[in-house]
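Have the structure open while you read.

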Amino acid sequence: MDLTGILPGDDSSHGYSVRLELFEGPLDLLLHLIRKNEVDIYNIPISEITRQYLEYLDLMKELNLDVAGEFLVLASTLLQIKSRMLLPRTEEEGDEEGEPGEDPRAELVRRLIEYQRYREAAADLDALPRLGWDLFTRGAVEEVERQGEQIPEEVDVYLLVEAFGRLLASIPEEKLHEVGSEQYRLAERIAEIMTLLESDPFVPFSTLFPETFDRGYVIVTFLAVLELCRLRVITISQPLPFGEIWLKRSVDCAGKGPEEPHDAT
Amino acid sequence: MQHERLLGIIESILFASPQPVSFERLCALLHEYDRTEIREALAVVRNRYRDPDRGFCLEEVAGGWQFRSNPRYSEYVRRLVPPKRGKLGRSSLETLAIIAYRQPVTRAEIEYLRGVDSGGVLKSLLDKRLVKILGKKDVPGKPLIYGTTKEFLTLFGLRDLASLPTLREIRELETSDGEQVPLPLENVTGRDTLSGEMQAEGD
């Protein structure tokens, strides 16, 4: 993730437009939706999936995330497929024997499956013992010193986006569009969360929000959590599906990380 | 004893070399000995380090032989190394996987498969010398084609490209003979997905 434009000490979060390399892209988001809805990839309910996909894009805009062009391209592809699904498949689309044309979803499904194969291949590669981490050769230590760059830990950004989406949805209608009377500072919010983490390495998400909160508060908290993830100060997890999300203070240089809480599986 | 001496010589060379040393190179270096002797000696040396408790063992990686430390003790060895990890992010791994299995491959093909712009990732992988430009594709626009390097093989401890984990088949795709999905930009003169000749070469 690349959170360019986020600098501690800047003013209110309202003006932020964060450029995230979003979740590896629209195919990634689609696969997420397919899995989440537990539908058969060979028989995607296009209407419903399209609806959720578009909802997601709206949510990302609400959270001041830049939506990259590829997402919009896929959105229009989905809409195209959806409308073709509504039409009877005519003979003209098919071959000479009068067979119906290809399922309008077919090419998309092929792409998704192919993408999935390489995702799994990437995971397989990741699992191989890695030079400079799991094992070393002559000169490997110097090599690591040279090459080691801070690559942000991949975070399950979906979890965060969905959680924040729920929070935004819970704000009463009239408050949602109020121009925040409070000017929230990202740096302060980050500091507040860090203070929480100092006393306890595990902080449940729910404790980040007071009794009442407004839209600006949700956004600045979201950005603060993202920044902390990017800096690898914290990781987030959701031990139980749809359960509480936990912020976990990361390993510090001196030694091991904190022990897992009991309900984490 | 002549034999003992050869074992020692091979060990020394492999120890001293920061890069894997291929069998051919060994034979070239040790012209006083014949290939059979060297091959047998290599096997004996390898056996010496087979014990799972040993600190390092002899592995064939990127087409050559190399001493590599035992992963079992990685936690300790890492204390030599600064705490940050040269980790590969998901975009890098995905792009690497595509290039590894599909080489030679163009940027457009990579981007079609991933569904996102891959310029930044490609540059990063090039900088890390995990991928390299193989040349240009003979189609309009003459796009660059990419492949993996020897460093890629060494990083993941692979002997050669054929040692890549098998691409899992999720299910048979529409093409009944299980061919890979044809990409819209593919050259009509078909190419192998994992051609045998595409051995990552040294620079």
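Chain B has eight helices and five strands, where helices (H or I, at least four residues) and strands (E, at least two) are DSSP runs, numbered from the N terminus. In sequence order, the pattern of chain B is α-α-α-β-β-α-α-β-α-α-β-β-α.

Some housekeeping: this is a predicted model, where local features need pLDDT of at least 70, side-chain atom pairs count only at pLDDT 80 or more, and totals for chains, interfaces and linings use all residues. Residues are numbered from 1 along each chain as its sequence is written, chains are lettered from A and ligands numbered from 1 in the order in which they are written, and side-chain values use heavy atoms, with hydrogens and water left out.

Of the 203 residues in chain B, 44% are buried (buried means under 20% relative accessible area, exposed over 50%, partly exposed in between, with a 1.4 Å probe and protein chains only).

Now the sheet. Three strands of chain B form an open sheet in the order β3-β5-β4, with antiparallel pairing; two strands pair if DSSP finds at least two bridges between them. β3 (105–106) and β4 (131–136) of chain B are the edge strands, each with a single partner, so one side of each has no neighbour in the sheet. β3(B) pairs with β5(B) (residues 144–148) over two bridges, and Val105(B) has Tyr146(B) as its bridge partner in β5(B).

Helix α5(B) packs on this sheet, touching β3, β4 and β5 of chain B; contact means heavy atoms within 4.5 Å. Helix α7(B) lies across β4 and β5 of chain B. The table collects the angles, which run from 0 to 180 degrees between N-to-C directions, with axes fitted to C-alpha atoms (for helices, over the stretch in contact).

| Pair | Angle |
|---|---|
| α5(B) and α7(B) | about 80° |
| α5(B) and β5(B) | about 95° |
| α7(B) and β4(B) | about 110° |

The axes of α5(B) (residues 90–102) and α7(B) (residues 119–127) are 10 Å apart. Their angle makes the two helices roughly perpendicular (65 to 115 degrees; under 35 is roughly parallel, over 145 roughly antiparallel, the rest oblique). Among the contact residues are Leu96(B) and Ile99(B) of α5(B) and Leu122(B) of α7(B).

Gln103(B) and Pro104(B) are joined by a cis peptide bond, with omega about 0°, and Pro104(B) sits in the loop between α5 and β3 of chain B. Lys142(B), not a glycine, has a positive phi of about 40°; this residue is in the loop between β4 and β5 of chain B.
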